[in-house]
Amino acid sequence: MNLVIREALLAFKRAPLLSALSVTTIAFSLFVLGLFGLVVVNLQDALRGVEERVEIVAYLLPGTPIETTAQALKDVEAFPEVQTATYVSEDEALARARAEMVEFRDVLRELERNPLPASIEIKLKPGFRDAEHVSTVAERLRGFGFVDDVRFGRDWVEKLDRLRQLAAAVGIVVGAAFAVVAIIIIGTTIRMAVLQRSREIAIMRLVGATDGFIRRPFLLQGAIKGLLGGLVAIGLSFAAYALINRYLLQSAFFTREQAAAIVAFGALIGLLGSATSVGRHLKRV
Amino acid sequence: MIKFTNVFKAFPKGGLALKDVSFHIAKGEFAFLTGHSGAGKSTVLKLIYADERPTSGDVRVSGHSVNEMRPRDVPLLRRRLGIVFQDFRLLEERTAEENVAFALEVTGARPSTIAARVMRVLTQVGLAAKAQAYPRELSGGEQQRVAIARALVNEPTVLLADEPTGNLDERATRGVFQLLRDINASGTAVVMATHDLDLVRQAPYRVIELQEGALVYDSAVDEPRDQAAAP
């Protein structure tokens with residue numbers, strides 16, 4: 001077996017308690033980070049759900065010929081921001097109003113003439129569902145001669161924008177704080193493991209081990225601890241998610257890629273933590 | 001082989017650990033380094049295995065200057081030296097065999113050759129039967145033999161021993177000392193720091209004596225003297 005792998009694994013065998021402690025510490029640090037990640041993921045999901053309702057409606061002047069409308073629909077669909085554009089005829093608008101506005105059913109039934117205009121309903125692609133893009137598209141629609149009015153609930157879209165920015169800012173700041181705390185805790189844990197073996201490191205040096213030779217098993221060990229900690233953290237997060245789902249509210253879990261990223265982050269901190277601890281230790285003695 | 005030329009070594013907090021020390025130990029020689037504790041014996045050894053660097057003066061080991069040695073070359077120097085300490089410095093969680101093998105593994109020796117080489121040196125120090133024992137299961141003398149086997153396994157040209165019998169009873173001391181003499185007889189230079197003057201008197205070897213960091217007597221240069229009068 002490769003010497004580096006053997007030495008790294010032996011270290012687990014020789015200090016099972018400390019190793020388990022390191023893995024547990026890493027797991028819980030990443031678990032806290034993971035829980036926060038879950039909050040962010042679900043918040044994003046919720047925001048995305050709200051975003052999907054961002055819609056621009058262009059009301060058409062009465063008597064617009066159907067050929068003009070068909071052409072306009074094609075043009076609008078060709079806008080880079082537009083996901084779908086749907087034509088709603090006057091009759092359809094009335095039918096929808098009858099179905100949706102139950103309290104006005106009688107009024108609507110007794111109408112002699114349909115007062116509702118035909119319209120084009122436009123949904124934007126993800127990433128364009130903010131106030132700026134919505135206004136741009138609305139402005140462009142106003143340029144069509146047969147468009148009477150354009151509506152998109154400006155206040156609402158702007159509020160959504162603010163909410164999105166706030167969520168991003170909180171996510172970054174709090175997430176970074178959690179990540180830093182996790183890095184510090186994991187780094188300290190790994191430093192303990194290195195210090196515990198300082199006598200061994202000194203002996204290795206006496207018999208002519210190069211720094212690289214001494215360092216490599218520690219790096220591997222740190223990465224393995226981080227990896228295991230990450231896996232346990234994902235397990236804990238999943239348990240928490242399952243409990244929340246069952247007793248509190250429907251929520252989403254990490255995608256496979258996000259879960260892998262958390263585990264990889266654990267392994268990376270383990271690796272870097274070991275690299276700095278061993279490096280500092282080797283420099284000192 | 002080992003050459004000190006006007007070596008001074010300052011303590012980090014001031015004061016001198018070594019004052020103008022010069023000597024030359026030839027290939028295959030056996031030399032005692034004597035003197036009271038704190039006289040500078042360990043510092044001399046540390047300078048040889050490049051754990052310390054001289055403040056001024058020149059230290060050469062097999063032609064390489066310790067002063068100018070790059071940090072990455074230090075491990076290579078140590079592989080050509082065998083080092084033995086009073087407190088043995090064995091890895092507690094490894095068997096005698098593993099402790100010795102470890103010194104070979106760090107050099108990148110071919111794994112297929114390691115077991116045979118380890119057994120050979122363990123046999124040489126008389127511990128072949130206890131290859132599987134852990135240090136805590138061995139007596140002090142036996143632990144020192146493991147340490148000597150570890151020092152020998154890379155076939156060093158010089159064996160450095162810092163008070164190797166300091167923790168041993170009289171019988172173990174005699175055994176370890178005889179082992180060092182045998183090793184020297186087979187061609188390896190031995191530099192042994194000790195304050196055990198009985199040992200020094202037993203053998204006709206060179207004596208280099210330090211006092212408060214200064215070399216006060218070197219039997220290779222100075223007039224022979226009545227060793228009974230030596231401190």
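**View 1. Packing of helix H5 against helix H6 in chain B.** The axes used here are lines fitted to C-alpha atoms, for helices over the stretch in contact, and the angle between two of them runs from 0 to 180 degrees between N-to-C directions. In this predicted model, the axes of helix H5 (residues 140-152) and helix H6 (residues 170-185) of chain B come within 9 Å and cross at roughly 15°. Because angles under 35 degrees count as roughly parallel, H5(B) is roughly parallel to H6(B), and the crossing of H5(B) past H6(B) is right-handed. From H5(B), the contact draws on B:Gly140, B:Gly141, B:Gln144, B:Arg145, B:Ile148 and B:Leu152, while H6(B) contributes B:Ala172, B:Gly175, B:Val176, B:Leu179 and B:Ile183. Sorted by class, the residues of this contact are 6 nonpolar, 4 polar and 1 charged.

**View 2. Packing of helix H2 against helix H7 in chain A.** Helix H2 (residues 16-51) and helix H7 (residues 154-196) of chain A pack with their axes 9 Å apart and at an angle of about 170°. Since angles over 145 degrees count as roughly antiparallel, H2(A) and H7(A) are roughly antiparallel to each other. The contact of H2(A) with H7(A) has 22 nonpolar, 7 polar and 2 charged residues.

**View 3. Domains of chain B and its contact with chain A.** The domain assignment of chain B gives domain 1 as 1-80 + 158-166 + 187-231 and domain 2 as 87-155, and the centres of these two domains of chain B, taken over C-alpha atoms, are separated by 26 Å. Where the chains meet, 13 residues of chain B are in contact with 11 residues of chain A. On the side of chain B that touches chain A, the elements giving two or more residues are helix H2 (74-79) and helix H3 (96-105) of chain B; by class, that side of chain B divides into 6 nonpolar, 1 polar and 6 charged residues.

**View 4. Two loop residues of chain B with positive phi.** Most residues other than glycine have a negative phi. B:Ser62, although not a glycine, has a positive phi of about 45°, and its place is in the loop between strand S4 (56-61) and strand S5 (64-65) of chain B. With 13 other C-beta atoms within 10 Å, B:Ser62 is partly exposed. B:Arg89 has a positive phi near 50° and is found in the loop between strand S6 (81-85) and H3 of chain B. B:Arg89 counts as partly exposed, with 19 C-beta neighbours inside 10 Å, the cut-off for a buried residue being 20 or more.

Terms used: Residues numbered from 1 in each chain as written. Chains lettered and ligands numbered in written order. Predicted model: local features only at pLDDT ≥ 70, side-chain atom pairs only at ≥ 80, totals over all residues. Helix = DSSP H or I, 4+ residues; strand = E, 2+ residues; numbered from the N terminus. Parallel < 35°, antiparallel > 145°, perpendicular 65-115°, else oblique. Left-handed = near helix turned anticlockwise from the far one by under 90°. Contact = placed C-beta atoms within 7 Å. Nonpolar A, V, L, I, M, F, W, Y, C, P; charged D, E, K, R; others polar. Domains from an automatic or database assignment. Buried ≥ 20, exposed ≤ 12 C-beta atoms within 10 Å, placed from the backbone.
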